[in-house]
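Please read the following note alongside the sequence and the model. It is arranged as numbered points for discussion.

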Amino acid sequence: VRAFAPITLIATGPHVLVVNAASPIRTLADLVERAKKNPGAVNYATAGVGSAQHLAIEMFKRVAHIEMTHVPYKGGGQAIVDVVSGQVPVGVFGLAPVLPQIQAGKLRALAVTSTQRVAGLPDVPTVAESGFPGFSSVQWFGLAAPAGTPAAVVSRLNRDVVGVLRTPAVGQRLQKLGATVVADTPEQFAHFIEQDTARWSSIIKD
């Protein structure tokens, strides 16, 4: 908050909960049932401790009243490989890196964490639709300048970047990657950051 001058929130994208194609877990309800019957015995992989996906599942564990064990990796690549192979039963990743494996039938998507279904996976329900109303957790991508950047420069950058983001070609490309263009004002982005900070503080501390 103190180090940056927000320019615009570029886009948001969901996380997706996945299992390998041979898994008996077919829905989010199946996963919750298994975790409740075997507290802490279900392992889930993410790209690392403190990653957006790690925090999303910590929040989900709260609302679902379940315990699962985190298996953190040093990046998403090997984590995805190990979920595809069944080394870890469940994975939580950004949509773009796993979309090809889902489309190829190597991974089964249980749910996405956004409030709306995503165009690339229209048949995959949201967590909210799967019995947890109001649940939402997205990763986001924004542009910022160093704190103290003149307001006129921030305004010019915002105008130019927002103009590009709102072109059909860019919007369609981001949509294919599972992202939703936001392209807001510096003031709106600053407010978003403040809300996000407050939202995640207690989960991070826990």
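1. Basis of the note. The model is predicted, and local features are reported only at a pLDDT of at least 70, with side-chain atom pairs counted only at pLDDT 80 or more, whereas totals for chains, interfaces and linings use all residues. Residues are numbered from 1 along each chain as its sequence is written, and side-chain values use heavy atoms, with hydrogens and water left out.

2. Confidence. The pLDDT (the predictor's confidence in each residue, from 0 to 100) averages 94 over the protein chain, and 100% of the residues score at least 70. Confidence is lowest in helix α6 (residues 168–176), at a mean of 89, and highest in helix α5 (residues 151–165), at 98. Helices (H or I, at least four residues) and strands (E, at least two) are DSSP runs, numbered from the N terminus.

3. Strand β1 and its partners. Two strands are said to pair if DSSP finds at least two bridges between them. With strand β6 (residues 138–146), β1 pairs in the antiparallel sense over nine bridges; within this pairing, Trp140 of β6 is the bridge partner of Thr12. With strand β7 (residues 180–181), β1 forms an antiparallel pairing of two bridges, in which Ala11 stands opposite Val181.

4. Further pairings of β1. Five bridges join β1 to β4 in an antiparallel arrangement, and five bridges join β1 to β5, again antiparallel. Val18 takes part in both: Val18 stands opposite Gly91 in β4 and opposite Ala109 in β5. Of the 17 residues of β1, 15 are buried (under 20% relative accessible area; exposed is over 50% and partly exposed lies in between, with a 1.4 Å probe and protein chains only), so β1 is largely enclosed by the rest of the structure.

5. Helix α3. Which residues of helix α3 (residues 76–84) are buried? They are Ala79, Ile80, Asp82 and Val83. These residues cover an arc of only 165° around the axis, which puts them on the same side of α3; the arc is that of the directions from the helix axis to the C-beta atoms. The buried residues of α3 pack against β1 (4–20), β2 (43–46), β4 (90–94), α4 (95–103) and β5 (107–112). After α3 comes Gly86, which has a positive phi, near 90°.

6. Helices α2 and α7. The axes of helix α2 (residues 52–64) and helix α7 (residues 186–205) come within 10 Å and cross at roughly 80°. That makes α2 roughly perpendicular to α7. The contact (heavy atoms within 4.5 Å) is made by Leu55, Ala56, Glu58, Met59 and Arg62 of α2 and by Arg199, Trp200, Ser202, Ile203 and Ile204 of α7. Axes are lines fitted to C-alpha atoms, for helices over the stretch in contact, and angles run from 0 to 180 degrees between N-to-C directions. Angles under 35 degrees count as roughly parallel, over 145 as roughly antiparallel, 65 to 115 as roughly perpendicular and the rest as oblique.

7. Most residues other than glycine have a negative phi. His65 is not a glycine, yet has a positive phi of about 55°; His65 is found in the loop between α2 and β3 (69–72). Ala183, also not a glycine, has a positive phi of about 55° and lies in the loop between β7 and α7. Are these residues buried or exposed? His65 counts as exposed at 65% relative accessibility, whereas Ala183 is buried, with a relative accessible area of 2%.

8. Asn158. This residue lies in helix α5 and counts as buried at 12% relative accessibility. Leaving aside neighbours within four places in sequence, Asn158 is in contact with Ile7, Thr8, Asp184, Thr185 and Pro186.

9. Two loop residues. Thr27 lies in the loop between β1 and α1 (28–37) and is partly exposed at 36% relative accessibility. Thr27 and Arg108 are 81 residues apart in sequence and 9.1 Å apart in space, C-alpha to C-alpha. Ser130, in the loop between β5 and β6, is partly exposed at 24% relative accessibility. Apart from neighbours within four places in sequence, Ser130 is in contact with Leu28, Ala111 and Pro125. Ser130 and Ala52 are 78 residues apart in sequence and 21 Å apart in space, C-alpha to C-alpha.
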